[in-house]
Amino acid sequence: MPEHTTSQARVEVAGRKIACLIAFAVIAGLASAASAQEATVCVQPNAAIPDNGPVVQANIDVSLPANAVITDVRVGLDIVHPWIGDLVVTLSHDGEQATLVDQIALVDYPFACGGDDIDAVFSDAASITPRDLCAPNIAPNITGVVAPASSMSVFAGLDGAAPWVISIVDVTPFDTGVVREICVTLVYTVEDAACSIADVTTTGQTSGIADGIVDLSDFSYYLSLWANSEPSADITASGICVAGIPDGGVDLSDFSCYLSEWSLGCP
Amino acid sequence: MTAWTRCTRRARSGMLGPAFVLLAVVMPWHSADGQVRYKQIAAPADRVLAGVHDLPAPERTGVASPSAMIPVQFEVEGDRLVWRSELPIDDGSDVRMMLLAPGAEQWRLSVTPSNGVRQDLHTKARAPGLLVESGAALLGDVSHPATAYRLLDRTAGAWRFEVEADPLTARTEGAAGYLLIKTGHPARVYSHLTTHRLLTGSEVGLISGLLDASGEPMPGAVREGVAVVRTPAGEELRFRMKAEDGAVSFRFVPEYVGEHTVRVTVRGVHADGSPFVRSSQHVFPVLANELELGARASIVPDRPGTRRVVAPFDRADRGGRVIASAELWGTDDAGASTPVCWLSGMADVDREAGEVSLYLDERWLSVAGARAPFELREVRVQCCAAAVPLAVAESMPIDLAAPMPALRSGVTVTPDMLTGRPRAELSVSLIDDAAARARAFAGHNLMLVHGYCSSGVWPVQDFSGGLEVFLDQNQNRSHDEFALLMAAFGDNSKSFGVVAHSQGGAAALHLWTYYFSGLDWAEGARLIQSVGTPYQGTPLAGNLAVLGDLFGAGCGVNFDLSTDGSALWLAGIPTASRSRVHYWTTSFEDGFGFDFCNLVSDFFLSDPDDGVIERSRGQLPGANNMGHLEGWCHSQGMRDPAHYFDSSRNADMNANAAR
């Protein structure tokens, strides 16, 4: 595997769901307000990939700190298979799914890429696709950092609480393989809870996009949300100021709680 | 990936019978976008320096014929038809004769050797020293009854021949048939085209000389030559050949597009003064003169790591698929010209832009250590159906649209540099093979392929595992058409190796060279195994073309199987492709009496031969010669068993086949 940290430690996950708008605001805010960190967990299933199905799954827990928000995901795959075009590999997490491998080069060959083995890292940042690398007589056929079949940006903004599920299935008769190693690397940021709650818009704007700065614009924008009973203004349970736990209604406790968070600002 | 885990590589699975049957039911036939992708071929600089890809000189691709094919033209004499001729026989110790014509078995042949004793060969009373062999004359896909006569221990000199026929059994206009004569003397006529630029309005001709037993020219031996050209329009042009450097020649400017046949008859004299006659038969296509290359080429940016090499046309009156190729030369550190690589591939003429493109992997520049200025040399655009050059240019300076990348050290040639990678825009539609679709089969298979004008020849029981039996019965295909049919047929296999007979071997090599297919993914010792493949053509192609006037077109004329056509085709096949071919040749059992595989082809071919190809022309330089076996002929119905029935070799091929 060309890139990974091999810590097997399991960090307890204490993530909390937050409202969608706030979450996106937090993501954007964290990007500028906090430095990115990475956590990688590798597993070695050494599991057989049966011919023409069924699906082989590996669940991977990557524990992140509280308030960690995922900004990027990379997946390393080490698969031995004499016909990698048979494979469909997906990554699922918290209700979202991305496809890493989908019958490589099927557009070029009737039975997709006949190359041997994948030993590569899948990253949205890559410009090279597995199809670009598919060629006879080169093993492993897919190496380096390559782009997934569909973007893994669907995981951005989520926390790391749920397991990461890698599903590997051989979809064409003939040929079997082994999945030897899977590494999931999460790039994330952790932000102070107060900051993440209070930072709801960009300075001077009412865009709803956090900018890492808690200022009057944020207060003004929240006030407009609260005044209009927007769902995103629902940040606490009635009567209890625990920011980030909505109760389905927008009332004075929400405003009071926001004011409390806002007054703390960003560290 | 650790060392120990590397060792866990799985072998491919699923070549067993039960899987074969199951998948015939469940596996849907599919093709990605119905296209076959072109390879972007390249060969290293040393291949350029070795001249491997140079167009063959026409004088090296001619036909050597040890026999004479004399037209029989009847005249009416009372209630019968008679043809008489006197011919010089240079060695009477062993003279073979045969009448070749539809219905010739009813004709009566008489011979009066120089001793004056007439012998009626057709009678059942056998003269001393007369051997008669009756059998089938295989002419392409058609078998005709034929009888060969062999007179032994006669004297050389002027022999008189007489053929008599009943009026209803032969025509009196033009040649009703041919008298084939082959004496015991090994002298041969060698005839070759004057050019391979076989285009309308472009002069073409033939030069004929005489060779002795060792294949050396016979100085001063040629006395006269006559050439008869039959054009696609049915015209018969007769030329008295002119003396030229110890040979005779003729030239003409073809007007018509299509196949031209030529029959050359040369009379000569041995050093001892004894006269003799030989003839050779040829076929060549003439294509429309529609392309003319421009003066300068260019290299423009393409995908990352790749450049597009553009050769412009001054005149492009046609589009369509062609084979384009060129040597790329650059400049080394000392400022001297140095070859970078040879580029080739199927290409589509962009008629609107007036250009054709090749693709350069930039790594070749680092491998060769070459910088600007660059130029193309030996640029050629060839027809893909018959590799006739449509346009050529000796050199084209290159304009760079953008600077070339910096050279890197330590770059070595990788397999993908030799073939490129599939590109959607470089492709041709897959032939819709309904039969293949219906089979709906996948897996790693062995494809058993027949040859020109043939059908399923391989005994399937000699092979095991997943088998694909290619069938394109009794057809005449260019190597390219044949290869694309194989691609369509093989589209049912994830990967396949090939065991091929005759032209099937050349078609498989063509497929492997020019197109991405299941061949590229096959694993195993031997990718393409062939038996009796005329990699360097067969003189029979020309003979059959001439005889086609009498016997009908049969499967038709195939220029790729001629000596000229195969040489033009072979010049485009890189050493790297050839190295994946394992081939065998065979010939008749050399014994007493009639030693041949085929009654007719024995007159045209130089021994040893298998009835269709000569051993020498079955060789594929750069490939793996697996040996030559006597006692096996090319096809069923020949003197010895057909070589595709050699179960011992079949078992060997089966065991070692890539799949």
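Modeller: A residue is called buried if 20 or more other C-beta atoms lie within 10 Å of its own, exposed if 12 or fewer do, and partly exposed in between, with C-beta atoms placed from the backbone. This is a predicted model, in which local features need pLDDT of at least 70 and side-chain atom pairs count only at pLDDT 80 or more, while totals for chains, interfaces and linings use all residues. Residues are numbered from 1 along each chain as its sequence is written, and chains are lettered from A and ligands numbered from 1 in the order in which they are written.

Biologist: Which residues is Trp164(A) in contact with, leaving aside its neighbours within four places in sequence?

Modeller: They are Ile60(A), Val62(A), Leu91(A), His93(A) and Val184(A), where contact requires C-beta atoms, placed from the backbone, within 7 Å. His93(A) is 71 residues from Trp164(A) in sequence, yet their C-alpha atoms are 5.0 Å apart.

Biologist: What makes strand 23 and strand 24 of chain B a pair?

Modeller: Two strands pair if DSSP finds at least two bridges between them. Strand 23 (residues 297–301) of chain B has four bridges to strand 24 of chain B, in the antiparallel sense. One bridge sets Ser298(B) against Val310(B). On strand 27 of chain B, Val310(B) has Ser357(B) as its partner; seven bridges join strands 24 and 27 of chain B, which run antiparallel.

Biologist: How do you know that helix 7 of chain B is mostly covered?

Modeller: Of its 12 residues, 11 are buried, including Phe482(B), Leu485(B) and Phe489(B).

Biologist: Why is helix 7 of chain B called roughly perpendicular to helix 8 of chain B?

Modeller: Their axes come within 8 Å and cross at roughly 75 degrees. Axes are lines fitted to C-alpha atoms, for helices over the stretch in contact, and angles run from 0 to 180 degrees between N-to-C directions. Angles under 35 degrees count as roughly parallel, over 145 as roughly antiparallel, 65 to 115 as roughly perpendicular and the rest as oblique. Helix 7 of chain B is therefore roughly perpendicular to helix 8 of chain B.

Technical notes: Helix = DSSP H or I, 4+ residues; strand = E, 2+ residues; numbered from the N terminus. Contact = placed C-beta atoms within 7 Å.
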